[in-house]
Amino acid sequence: MSALLSIERVSKRFGGLTAVSEVSFAVPEGAIYSVIGPNGAGKTTLFNMISALFPPSEGAIVFDGQAVHRARTHQLARLGIGRTFQNLAIFSHATVVQNLLVGMHHALKANLLSAALFWGPARREELAARRRVEEIIDFLEIEHLRDLPVGLLSYGLQKRVELGRALAVGPKLLLLDEMVSGMNAEETEDIARFILDIRDELGVTVVMVEHDMGIVMDISDRIAVLNHGSLIAEGTPAEIAADPAVIQAYLGRN
Ligand SMILES: Nc1ncnc2c1ncn2[C@@H]1O[C@H](COP(=O)(O)OP(=O)(O)OP(=O)(O)O)[C@@H](O)[C@H]1O
């Protein structure tokens with residue numbers, strides 16, 4: 001498998017603090033890839049660089065053959081990267097359908113000019129957007145909730161809607177930031193099943209930052225482990241679970 005995403009000697013400094021230090025790894029196309037590490041290890045900082053919230057101090061991030069570390073956040077969706085956020089980023093007063101249509105906004109925005117000039121293509125695009133939203137609703141099994149305000153749903157279902165919104169842009173790569181934190185066991189199992197389906201049925205590569213070791217070990221193909229900003233291990237779940245440096249990094253904190 002070739003790499004869809006390459007992290008190449010990436011560092012990030014905040015003033016005197018090095019949050020991420022010369023980290024390199026490659027995410028194969030079609031993989032479910034997890035980034036783990038104790039609190040303060042640099043996971044969120046790395047994730048924010050991959051999703052172009054801020055640039056690395058050094059190094060490069062290459063997605064699908066293109067350097068993206070200087071891209072702007074609003075360009076990401078068009079490049080084929082979707083993401084969820086650690087804290088819910090949905091609109092709680094809007095319905096499920098409305099939230100998913102907002103997720104498609106990026107894809108549609110590129111064609112505002114054509115919308116102004118040509119009624120026909122814009123209308124076709126709007127219909128295609130609505131069709132795609134219906135497919136996602138079907139895929140995530142939330143048909144019965146489609147017209148409810150998202151704020152009325154349980155936390156697990158709200159996260160599922162957020163997942164749908166990230167999928168609405170039709171990504172090749174999906175970045176999931178602590179998707180299951182705060183979820184109960186049943187909700188976590190549901191999300192694990194959806195992540196597997198997203199990869200298997202939609203062909204989307206998944207990178208997730210996750211604290212829940214259960215889901216990480218169950219569904220990841222490969223795992224990168226950060227500690228104090230450095231990559232201390234990279235490999236399959238079995239390799240990571242047996243790695244002395246990883247065990248030390250986790251046990252050393254407890
Ligand atoms: N904007 C910032 N300014 C200054 N320091 C920061 C900033 N963002 C993160 N840091 C520091 O960088 C280090 C890595 O933080 P980061 O949030 O990336 O870790 P993490 O692995 O995601 O932790 P957690 O698991 O607790 O979310 C920490 O020491 C943190 O205090």
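Predicted model: local features only at pLDDT ≥ 70, side-chain atom pairs only at ≥ 80, totals over all residues.

Student: How many helices and strands does the protein chain have?

Tutor: Helices (H or I, at least four residues) and strands (E, at least two) are DSSP runs, numbered from the N terminus. The protein chain has ten helices and ten strands.

Student: Which radius of gyration does the protein chain have, and what would a compact globule have?

Tutor: The radius of gyration is taken over C-alpha atoms, and the globule rule is 2.2 Å times the number of residues to the power 0.38. For 254 residues a compact globule would have a value near 18 Å, and the 19 Å of the protein chain agrees with this. Along the principal axes, the C-alpha atoms fill a box of roughly 60 × 40 × 35 Å.

Student: What percentage of residues count as buried?

Tutor: A residue is buried if 20 or more other C-beta atoms lie within 10 Å of its own, exposed if 12 or fewer, and partly exposed in between, with C-beta atoms placed from the backbone. Of the 254 residues of the protein chain, 35% count as buried. Among contacts between residues at least 6 apart in sequence, 69% join residues at least 24 apart.

Student: Which domains are assigned, and what separates their centres?

Tutor: Domain bounds come from an automatic or database domain assignment. Here the assignment gives domain 1 (1-80 + 171-254) and domain 2 (88-169). Their centres, taken over C-alpha atoms, are separated by 26 Å. Twelve residues from domain 1 and eleven residues from domain 2 take part in the contact. On the side of domain 1 that touches domain 2, the elements giving two or more residues are α2 (73-79) and α7; α7 gives the most, with four residues.

Student: How many residues are in the largest nonpolar core?

Tutor: A nonpolar core is a set of buried Ala, Val, Leu, Ile, Met, Phe, Trp, Tyr and Cys residues joined through C-beta atoms within 7 Å. The largest one has 64 residues, and L173, L174, L175, V206, V207 and V225 have the most contacts inside it. Each of domain 1 and domain 2 supplies at least three residues to this core. Leaving aside neighbours within four places in sequence, L173 is in contact with L4, L5, F63, G80, I81, T205 and V207.

Student: Why do the buried residues of α7 line one face of the helix?

Tutor: An α-helix has 3.6 residues a turn, so residues three or four places apart point the same way. In α7, I191, I195 and I198 are buried. Seen down the helix axis, the buried residues of α7 fall within an arc of 60 degrees (the arc of the directions from the axis to the C-beta atoms), so they line one face. On the other side of α7, A185, E186, R193, D200 and E201 are exposed. The cover over the buried residues of α7 includes β3 (32-36), α6 (155-167), β7 (173-177), β8 (205-209) and α8 (213-219).

Student: Why is helix α1 described as largely enclosed?

Tutor: Six of the eight residues of α1 (residues 43-50) are buried, so the rest of the structure largely encloses this helix. The buried residues are K43, T45, L46, F47, M49 and I50. M49 has 25 other C-beta atoms within 10 Å. Not counting residues up to four places away in sequence, M49 touches V10, K12, F54, P55, P56, I61 and H69. M49 and V10 are 39 residues apart in sequence, and their C-alpha atoms are 9.2 Å apart.

Student: Where are R9 and D64 found, and what are their phi values?

Tutor: R9 is found in strand β1 (residues 3-14), and its phi is near 45 degrees, a positive value in a residue other than glycine. R9 counts as exposed, with 12 C-beta neighbours inside 10 Å. D64 is found in the loop between β4 (58-63) and β5 (66-67), and its phi is near 55 degrees. D64 is partly exposed, with 17 other C-beta atoms within 10 Å.

Notes:
Residues numbered from 1 in each chain as written. Contact = placed C-beta atoms within 7 Å.
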